[in-house]
Amino acid sequence: QVQLVESGGGLVQPGGSLRLSCAASGFTLDYYAIGWFRQAPGKEREGVSCISSSDGSTYYVDSVKGRFTISRDNAKNTVYLQMNSLKPEDTAVYYCATGGSCTYDGMDYWGKGTLVTVSS
């Protein structure tokens, strides 16, 4: 049974950092694309970052480039999202997802999400 469990969310001040974790079970991470999406109140879910299954390439939405870093620990079957220089507009529920490709429609399994709040 495929399962994704996110952790690491919380309240942080603007300019601060958080590291999100997504522990995967029921499948081997490095065979699939895995990424992070987020949904802010009143907004559509958007892709934040992803690692492709084909060559391990990483992708970032423009608004987080240079601030967020995605990484994968195959031994722990876990993917991380290091978030630095956080801004209030980063406030959202962050979801981990996996599937055949780094697109919203390409994701087959989703975690339940972890809330990130950036506020002073």
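At 42% relative accessibility, serine 85 counts as partly exposed. Here buried means under 20% relative accessible area, exposed means over 50%, and partly exposed lies in between, with a 1.4 Å probe and protein chains only. Serine 85 sits in the loop between β8 and β9. Strands are DSSP runs of E with at least two residues, helices are runs of H or I with at least four residues, and both are numbered from the N terminus. The phi of serine 85 is positive, about 50 degrees, although the residue is not a glycine.

The model is predicted: local features need pLDDT of at least 70, side-chain atom pairs count only at pLDDT 80 or more, and totals for chains, interfaces and linings use all residues. Residues are numbered from 1 along each chain as its sequence is written, and side-chain values use heavy atoms, with hydrogens and water left out.

Asparagine 77 also has a positive phi, near 50 degrees, and is a residue other than glycine. Its place is the loop between β7 (68-73) and β8 (78-83). Asparagine 77 counts as buried because its relative accessibility is 14%.

The disulfides were examined next. A disulfide is a pair of cysteine sulfur atoms within 2.5 Å. A search of the whole structure finds two of them. With bonded cysteines counted along the chain, the pattern is 1-3, 2-4.

The link is left-handed, with -80 degrees about the S-S bond. Cysteine 22 and cysteine 96 are both buried.

Another disulfide joins cysteine 50 and cysteine 102, whose sulfur atoms are 1.8 Å apart. The link of cysteine 50 and cysteine 102 is left-handed, with -80 degrees about the S-S bond. Cysteine 50 belongs to strand β5 (residues 46-51) and cysteine 102 to the loop between β9 and β10 (107-110), so the pair ties together parts that are 52 residues apart in sequence. Cysteine 50 is buried, at a relative accessible area of 6%. Cysteine 102 counts as partly exposed, at 27% relative accessibility.

Strand β9 was then traced through its partners. Seven of the eight residues of β9 are buried, so the strand is mostly covered. Two strands pair if DSSP finds at least two bridges between them. Strand β4 (residues 33-39) runs antiparallel to β9, and seven bridges join the two. Within this pairing, isoleucine 34 has threonine 98 of β9 as its bridge partner. β9 also pairs with strand β11 (residues 114-118) in the antiparallel sense, over three bridges. There, tyrosine 94 has threonine 114 of β11 as its bridge partner. The pairing of β9 and β10 is antiparallel too, over three bridges. In β10, tryptophan 110 is the bridge partner of alanine 97. In a regular strand the side chains alternate between the two faces of the sheet.

Two further serines were inspected. Serine 52 lies in the loop between β5 and β6 (58-60). With a relative accessible area of 8%, serine 52 is buried. A polar contact of 2.9 Å joins its side chain to that of aspartate 55. Such a contact is a pair of N or O atoms within 3.5 Å; within protein, one must be able to donate a hydrogen and the other to accept it, and residues adjacent in sequence count only if both atoms are side-chain atoms. Serine 25 lies in strand β3. It is partly exposed, with a relative accessible area of 31%. The C-alpha atoms of serine 25 and threonine 78 are 8.9 Å apart, and the two residues are 53 residues apart along the chain.

The largest pocket holds about 150 Å³ of space. A pocket is an open set of points on a 1 Å grid over the protein atoms alone where a 1.4 Å probe fits, with protein on both sides within 12 Å along at least five of seven lines; lining residues have an atom within 4 Å of a point. The lining includes Arg38, Gln39, Lys43, Glu44 and Pro88. By class, the lining has three nonpolar, two polar and five charged residues.

Conventions. Grid points are joined across faces, edges and corners, and a volume is the space filled by probe spheres set on the points. Ala, Val, Leu, Ile, Met, Phe, Trp, Tyr, Cys and Pro count as nonpolar, Asp, Glu, Lys and Arg as charged, and the others, Gly among them, as polar.
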